[in-house]
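Here is a protein chain to explore. Look it over, then read on.

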Amino acid sequence: MNLNPDNIDNIEVRPLKLSDFEALLRLQQRCFQRMEPTSMAEFESQLYQFQEGQIGVFMNKELVGSSSALVLDLDEYSINHTWSEIADEGYIRNHDEEGDTLYGIEVMVDPDYRGMKIGRRLYEARKDLCQKLNLKRTLVGGRLPNYHKHASDMRVSEYVNAVMDKKLEDPVLTFQLKNGFTVKRIIKNYLPDDEESCYYATLMEWVNLEYEHTAPKSKVSSSPARICCVQYKMRKIKSFDDFAQQIEYFVDVASEYKADFVLFPELLTTQLLSFVGEKRPGAAARELSKFTDQYLEFFNEMAIRYNVNIIGGSHFTLENDQVYNVSYLFHRDGKIDSQYKIHVTPSERQWWGVQPGSEPKVFDTDRGRVAINICYDVEFPELARHAVDNGAQILFVPYCTDERHGFTRVRITAQARAIENQIYVAIAGTVGNIPSVPNMDIQYAQSAIFTPSDFPFSRDGIVAISEENTEMGVIADVDLEVLRRTRHSGTVTPLKDRRKDLYSIKFNKISDEKIILKMKEKGLTDPENLS
């Protein structure tokens with residue numbers, strides 16, 4: 001740390017930003033050397049869920065203190081809740097905008113700057129936020145780091161009373177009392193690694209006296225999203241216009257039913273090869289990539305015109321002379337996102353020369369956070385778990401399988417992802433045949449929308465399912481609020497009950513380069529919207 005506490009020119013208290021991550025890690029190392037550092041996934045999730053609650057104090061532009069908090073309804077939690085339960089193990093995906101309590105889960109102050117009122121600034125910032133959001137109170141679970149020195153002589157309640165009576169001093173409890181907090185109760189096993197506190201904590205409360213009781217918050221009982229899965233029939237066509245006409249029909253239907261999302265199958269654009277003369281599969285894939293600009297322009301227009309978010313199946317895209325299988329998400333506000341297929345099947349590699357992508361993504365939409373697993377990708381559970389850890393609520397799986405064995409693999413693993421991750425999963429496949437296109441001569445599909453398997457959801461965890469091998473669309477509503485509540489207090493809670501002390505998933509950071517599109521030259525799409 002290069003700062004001199006005696007030479008401070010500027011002090012700033014502000015919400016943390018993604019660019020503050022490395023500074024936050026350095027601060028954690030200085031404050032808690034034995035603490036497992038916050039991961040980038042946790043920090044990104046905290047900022048996504050509630051950036052206002054992630055506060056930093058900066059002196060001469062250096063981070064010297066930070067605090068983290070979320071809003072919740074404490075009635076949804078047990079009396080003897082744990083830090084992991086409240087903090088969602090650091091991800092705060094349980095942040096509830098309709099809650100009435102600001103709950104602080106972490107405060108850190110650089111040891112070199114203690115005594116400079118950094119902690120007080122952080123607590124005051126929390127109080128200001130509590131009043132700004134018209135919340136009833138601020139709560140914190142306070143450690144008792146000096147209790148281990150007295151545990152053999154007094155019960156924890158006696159120790160807390162002694163600190164309150166100023167007969168003893170505890171660095172955390174004494175500080176909280178000085179900042180206007182009162183003790184509500186003692187919690188057992190709050191932090192499993194807190195040996196100094198003998199695993200106890202005090203639940204501390206600061207009451208917002210400016211809370212407007214005449215304007216209580218109304219609880220959100222439902223947050224629906226409507227999904228349309230298109231089971232698309234492959235047939236011979238004569239032009240891109242023929243293709244566009246069929247696609248627009250289904251988009252129009254989805255829009256008429258006020259769908260928020262419409263999902264098309266994997267390799268949707270291989271239908272265009274039925275009027276392209278190239279017969280060699282590898283060369284045909286490269287020929288197909290020539291339609292990329294036209295494909296993007298058309299689907300982008302459809303999403304905007306029909307006011308629906310479109311997962312445009314997938315399309316062979318040429319980048320740096322390599323062919324990738326890419327699924328595009330066309331937002332109804334005109335933004336375009338992309339997800340490369342990460343696991344390539346032997347058939348794709350052999351027939352089409354497809355290369356794998358390396359960056360699993362999660363996308364923000366106007367109906368929650370979503371992710372895309374392209375066909376084979378859903379058979380690898382790590383990808384869906386990574387998506388859920390980064391806030392995904394709906395997983396879209398465009399697929400293309402030639403016969404029942406392949407379809408069964410996709411169907412069963414997709415439903416498994418829904419159950420183990422407590423997430424909605426929508427799958428859409430191709431049917432029909434195009435005899436003139438190699439490796440696309442037969443199709444087998446049954447499209448569906450899956451839910452977790454629990455009482456609030458549909459029987460058998462299937463909210464909607466199509467007939468087998470028949471062109472059609474399936475439309476159903478899923479409820480993101482029901483999903484949130486079930487993740488917290490379902491019959492089983494697999495997300496919360498994971499043994500992270502026993503196992504973990506690590507992803508290496510390998511970013512897919514952005515695809516260079518000619519659409520910029522045409523003035524159709526800002527390339528900053530392409531990721």
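## The model

This is a predicted model, in which local features need pLDDT of at least 70 and side-chain atom pairs count only at pLDDT 80 or more, while totals for chains, interfaces and linings use all residues. Residues are numbered from 1 along each chain as its sequence is written, and side-chain values use heavy atoms, leaving out hydrogens and water.

## The chain

The chain has 531 residues, and 53% of them are buried (under 20% relative accessible area, 1.4 Å probe, protein chains only). Its C-alpha trace spans about 90 × 55 × 45 Å along the principal axes. The secondary structure comes to 14 helices and 22 strands. These are DSSP runs, with helices (H or I) of at least four residues and strands (E) of at least two, numbered from the N terminus.

## An open sheet

Seven strands form an open sheet with mixed pairing, in the order S1-S2-S3-S4-S5-S7-S6. Two strands pair if DSSP finds at least two bridges between them. Strands S1 (11-15) and S6 (182-188) are the edges; each has a single partner strand, so one side of each lacks a neighbour in the sheet.

Strands S4 (residues 101-109) and S5 (residues 137-142) run parallel and are joined by 4 bridges. Thr 101 has Arg 137 in S5 as its bridge partner.

## Two cavities

The whole structure holds 2 cavities of 30 Å³ or more. On a 1 Å grid over the protein atoms alone, a cavity is a set of points where a 1.4 Å probe fits but cannot get out; lining residues have an atom within 4 Å of a point. Grid points are joined across faces, edges and corners, and a volume is the space filled by probe spheres set on the points.

The largest cavity holds about 80 Å³. S3 gives the most to its lining, with 3 residues. The second largest cavity has a volume of about 60 Å³. Its lining includes Gln 339, Tyr 340 and Ile 342.

## A pocket

A pocket is an open set with protein on both sides within 12 Å along at least five of seven lines. The second largest pocket has a volume of about 890 Å³. Its lining has 32 residues, with Gln 49, Arg 93, His 95, Gln 393 and Arg 484 nearest the centre. Which helix gives the most to this lining? H13 does, with 6 residues.

Terms used
Buried means under 20% relative accessible area, exposed over 50%, partly exposed in between (1.4 Å probe, protein chains only).
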